[in-house]
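I opened my notebook for a first look at side chains. What could I look up, and in what order?

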Amino acid sequence: MSESRPDLRPVLRIDFPPADRLGRGKILLLELIRETGSISAAGRAMDMSYRRAWLLVDALNRMFSEPSVDTQRGGKQGGGAALTAFGEELIRRYREMEEKVQAVIADDLAWLESVRSSETPPSDTAPVVSQKA
C-alpha cells in the first residue's frame with residue numbers, strides 16, 4: 001500500500017505594513033474562541049500559552065477599526081470571550097478569500113503536483129545547509 005501525501009495547498013497571509021499580519025493562525029484562534037467562549041481554551045486547543053493567545057487577540061483588536069473579540073473579566077460568572085459581529089465577518093471573508101485563491105490557482109497546483117518528487121523528505125529531516133563560505 002502506498003503512503004499518501006498531503007495535498008498541496010496555498011496558505012493565505014495578508015501583510016499589513018509595517019508589522020501586522022493576518023493569516024490562518026489568527027483566524028483559527030478566532031474560530032476556537034467562537035467555539036469555546038474562552039481565549040485560554042482556544043489557546044490550549046492550539047497548544048499555545050494564554051499569554052500568546054491574548055497577545056494575538058490584542059493584535060487583532062488593534063489591527064482594525066473594530067474589535068474582533070469582546071472579553072469579560074472573571075468574577076462570579078467567570079470571564080469569557082466572544083466574537084463581535086466584525087470578528088464573525090472577518091472569519092467569513094478570510095475563508096472566502098482562501099477558497100478564491102484555491103480556485104484561481106487550481107491548474108497551477110495540479111501542475112505542481114504532477115511534477116512533485118515522490119522522494120520529498122519530511123520537513124523535519126531536510127538536510128542542513130552550512131552557512132560557512
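**Entry 1: ground rules.** I started with aspartate 15, which counts as partly exposed because its relative accessibility is 43%. Buried means under 20% relative accessible area, exposed over 50%, and partly exposed in between, with a 1.4 Å probe and protein chains only. I noted that this is a predicted model, where local features need pLDDT of at least 70, side-chain atom pairs count only at pLDDT 80 or more, and totals for chains, interfaces and linings use all residues. Residues are numbered from 1 along each chain as its sequence is written, and side-chain values use heavy atoms, with hydrogens and water left out.

**Entry 2: salt bridges.** I looked up the partner of aspartate 15. Its side chain meets that of arginine 13 in a salt bridge, 2.9 Å from N to O. A salt bridge is a side-chain nitrogen of Lys or Arg within 4 Å of a carboxyl oxygen of Asp or Glu. I searched the whole structure and found 11 salt bridges.

**Entry 3: glutamate 31.** Is glutamate 31 buried or exposed? It counts as buried, because its relative accessibility is 13%. I found it in a salt bridge with arginine 95, with the closest N and O atoms 2.7 Å apart. The pair links distant parts of the chain: glutamate 31 is in helix 1 and arginine 95 in helix 4, 64 residues apart. Helices (H or I, at least four residues) and strands (E, at least two) are DSSP runs, numbered from the N terminus. Arginine 95 counts as partly exposed, because its relative accessibility is 25%.

**Entry 4: helix 4.** I then checked glutamate 89 and arginine 92. Both lie in helix 4, three residues apart, about one turn of the helix.

**Entry 5: aromatic rings.** How many aromatic pairs does a search of the whole structure find? I got two. Rings of Phe, Tyr and Trp (its six-membered ring) pair if their centres lie within 6.5 Å; planes under 30 degrees apart count as stacked, over 60 as edge-to-face and the rest as tilted. Phenylalanine 16 and phenylalanine 64 are edge-to-face, because their planes stand at 85°, with the ring centres 5.6 Å apart. Phenylalanine 64 also pairs with phenylalanine 86; this pair is tilted, 5.2 Å centre to centre and 55° between the planes. I wrote down Phe16, Phe64 and Phe86 as one aromatic cluster.
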